[in-house]
Protein chains: 2
Amino acid sequence: MVCMRIVIVAGGVGGARFLLGVRAAAPDADITAVVNTGDDVTLHGLRICPDLDSVMYTLGDGIDPVRGWGRRDESWVVKDELAAYGAEPTWFGLGDRDLATHLVRTRMLDAGYPLSEVTLALAQRWDPGVTLLPMSDQRVETHVVVSDPDTGRQRAVHFQEWWVRHRAALDAHAFVQVGVDDARPAPGVVEAFAAADAVLVAPSNPVVSVGTVLGVPGLREALLASPARVVGLSPVVDGAPLRGMADRCLSAIGVEVSAEGVGRHYGARSDGGLLDAWLVHETDTADVPGVDVRRVPLLMSDPPATQAMAQAALDAARG
Amino acid sequence: MVCMRIVIVAGGVGGARFLLGVRAAAPDADITAVVNTGDDVTLHGLRICPDLDSVMYTLGDGIDPVRGWGRRDESWVVKDELAAYGAEPTWFGLGDRDLATHLVRTRMLDAGYPLSEVTLALAQRWDPGVTLLPMSDQRVETHVVVSDPDTGRQRAVHFQEWWVRHRAALDAHAFVQVGVDDARPAPGVVEAFAAADAVLVAPSNPVVSVGTVLGVPGLREALLASPARVVGLSPVVDGAPLRGMADRCLSAIGVEVSAEGVGRHYGARSDGGLLDAWLVHETDTADVPGVDVRRVPLLMSDPPATQAMAQAALDAARG
């Protein structure tokens, strides 16, 4: 028997949890995660890939289960020391364990290894049971155009500064993918879509996670060329995002914060959009023309619920 | 009253303790430490200056009093994590608190600031009460020529690798100052010697600390041109170094491991050497032609003893 090949487009925390469910639902499958790197940031001279790390730590049982990001049993000695020097920004919560990951990554990147190889090397320690691919080896960073609260003038800030430092409180006028013109899908991404039996779009942020991945030139085309059915899962339940502040991102690009709004934003594959099927929460309704909309529990409240949700997505991928 | 201007040539742990004594003995003096940077090393992509940091932490009351180096209340989370990745050398003991210092330093060096300015910036936090100057802003690294224990062939290893990883157990054939030809004294060093009322050579390693500092082109000349008397303190007591493995270094360059041997190695200033006066431990004797040899307690066993020893050096500097 040839094992099932599943490709999942994922962001960070939500994508990581969903991947746990897929791994549980399809333990024999060959699973590839194509992960957003638009949130990546360089701080203290270290290259930080929050979404790749959330996925790696979650699948490798190293994630902090309470925060949902970063390392379990984390300490914050280096962060406190940097603050004592007063020389480095302190708004990004970089734990000591987490920092070691970024040190190794930065060393390898500085030595010339592409991010995809660095990611494989780091993942060896964590044995995630899933092939982790960055969306691209090229640096693509999401910047947010905001109005400066003091001057009122528009300026662009790094996504992490907007998201973490300002808690997305500044109105976003636009999201810009800095560097995207020179980006191409990381090695293995196009091949994974081409060989897939199922393509799942995780219930991640539709704008700054899924949208960023699909913004890499050639990646959306590779997904659309896949022989597999493409199944999306709504990150919006009952008019609100399940986690994070996706509503702030959706509003910024004029998309209604609803399962239907996101579904229509993705659009029917038969009509140039992404989706063959769209899973919305059992209490929601969504009319997305040309798309097989299914109502199933989407809360990821515990591992069995997450597994069942992944199973529903795999069922939808079978048609 | 114009305050007394004291310049001290110093290495790490011993130099740092001696500086504590000088600061206590001359609380109103203007004290400048010219510190060895030949032990500096880049590990995990971070620039580490062990001697500067030992001095800074010691004078800033941040030093670990038991180890004598590194930070008090230190933790080792990052080091353990790096080991778990198996990707970085683990023989250098880099604590979490200490690491933050190196992160800030590396960031500033990468931004183009010279080491002397970085050192001043870091020292602001620690308020050492002493002006800390690296011997040079240029990178000068001490490498040790050893016989490879497996092949028997000679090769050069970084001083830290020889000292920390091999505990100086490999026979040293020579010490090489990589980069020294392009080095010059850091800003302020020549001026400090020129304005000094007293120049003290700390009881630091005569080869890889004091010898390295004096190896910077122009620095020895600046010291010898000082109007002040130059007083050295023996790091060797009763035929053995007080700390560290200075005997391994002295043997390698053919200097007898004794207070007299080191005194003669430094030599009389009247004869092209360094010293006007040479302080040896009260139980030692030394005949160094042309040098005012004085026998005083040199053990630095507690702060009062260290202060008394510094006072003896200042007395000798007065002639």
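# Briefing on a predicted two-chain model

B:His44 sits in the loop between β3 (41-43) and β4 of chain B. The model is a predicted one. Chain A and chain B bury about 2,200 Å² between them, and the rule finds eight salt bridges across their interface. Over all chains the count of salt bridges comes to 36.

- Most residues other than glycine have a negative phi.
- B:His44 is not a glycine, yet its phi is positive, at about 55°.
- B:His44 is buried, since its relative accessible area is 4% and the cut-off for buried is under 20%.
- B:Asp127, also not a glycine, has a positive phi of about 45°.
- The position of B:Asp127 is the loop between α5 (115-126) and β5 (131-134) of chain B.
- B:Asp127 counts as exposed because its relative accessibility is 62%, where exposed means over 50%.

**Interface of chain A and chain B**

- The contact involves 26 residues of chain A and 26 residues of chain B.
- Of the roughly 2,200 Å² buried between the two chains, 66% is on carbon and sulfur atoms.
- A:Glu81, A:Tyr85 and A:Arg125 together supply 30% of the area that chain A buries against chain B, more than any other three residues.
- Twelve residue pairs are in polar contact between chain A and chain B, with both residues at pLDDT 80 or more.
- On the side of chain A that touches chain B, the elements giving two or more residues are α2 (50-59), α3 (77-85), α4 (96-110) and α5 (115-126) of chain A.
- The most comes from α4(A), which gives eight residues to that side.
- By class, the side of chain A that touches chain B holds 15 nonpolar, four polar and seven charged residues.
- B:Thr101, in helix α4 (residues 96-110) of chain B, touches A:Tyr85 as well as B:Asp53, B:Met56, B:Tyr57 and B:Leu122, leaving aside residues up to four places away in sequence.
- With a relative accessible area of 0%, B:Thr101 is buried.

**Salt bridges between the chains**

- B:Glu81 and A:Arg71 meet through their side chains in a salt bridge, at 2.7 Å from N to O.
- This pair joins two chains, because B:Glu81 lies in helix α3 (residues 77-85) of chain B and A:Arg71 in the loop between α2 and α3 of chain A.
- Both B:Glu81 and A:Arg71 are buried.
- A network of salt bridges links A:Arg71, A:Arg97, A:Arg125 and B:Glu81.
- A:Glu88 forms a salt bridge with B:Arg107, and their closest N and O atoms are 3.2 Å apart.

**Salt bridges within chain B**

- The side chains of B:Arg47 and B:Glu141 form a salt bridge, at 2.8 Å from N to O.
- B:Arg47 lies in strand β4 (residues 46-48) and B:Glu141 in strand β6 (residues 141-147) of chain B, so the pair ties together parts that are 94 residues apart in sequence.
- Both B:Arg47 and B:Glu141 are buried.
- B:Asp292 and B:Arg294 form a salt bridge with their closest N and O atoms 3.0 Å apart.
- B:Asp292 is partly exposed, with a relative accessible area of 27%, and B:Arg294 is partly exposed at 23%.

**Helix α12 of chain A**

- Helix α12 of chain A covers residues 303-318, and at 1.5 Å a residue its 16 residues should span 22 Å.
- At the start of α12(A), a side-chain oxygen of A:Asp302 comes to within 2.8 Å of the backbone nitrogen of A:Ala305.
- Just after α12(A), A:Gly319 has a positive phi of about 90°.
- The buried residues of α12(A) are A:Thr306, A:Met309, A:Ala310, A:Ala312, A:Ala313, A:Leu314, A:Ala316 and A:Ala317.
- The cover over these buried residues includes the strands β1 (5-10), β9 (198-201), β10 (229-233), β13 (277-281) and β14 (292-296) of chain A, together with helix α1 (13-25).

Key. Residues are numbered from 1 along each chain as its sequence is written. Chains are lettered from A and ligands numbered from 1 in the order in which they are written. This is a predicted model: local features need pLDDT of at least 70, side-chain atom pairs count only at pLDDT 80 or more; totals for chains, interfaces and linings use all residues. Side-chain values use heavy atoms; hydrogens and water are left out. Contact means heavy atoms within 4.5 Å. Buried area is the accessible area (1.4 Å probe) that two parts lose on being put together, summed over both. A salt bridge is a side-chain nitrogen of Lys or Arg within 4 Å of a carboxyl oxygen of Asp or Glu. A polar contact is a pair of N or O atoms within 3.5 Å; within protein, one must be able to donate a hydrogen and the other to accept it, and residues adjacent in sequence count only if both atoms are side-chain atoms. Helices (H or I, at least four residues) and strands (E, at least two) are DSSP runs, numbered from the N terminus. Ala, Val, Leu, Ile, Met, Phe, Trp, Tyr, Cys and Pro count as nonpolar, Asp, Glu, Lys and Arg as charged, and the others, Gly among them, as polar. The expected span of a helix is 1.5 Å times one less than its number of residues. Buried means under 20% relative accessible area, exposed over 50%, partly exposed in between (1.4 Å probe, protein chains only).
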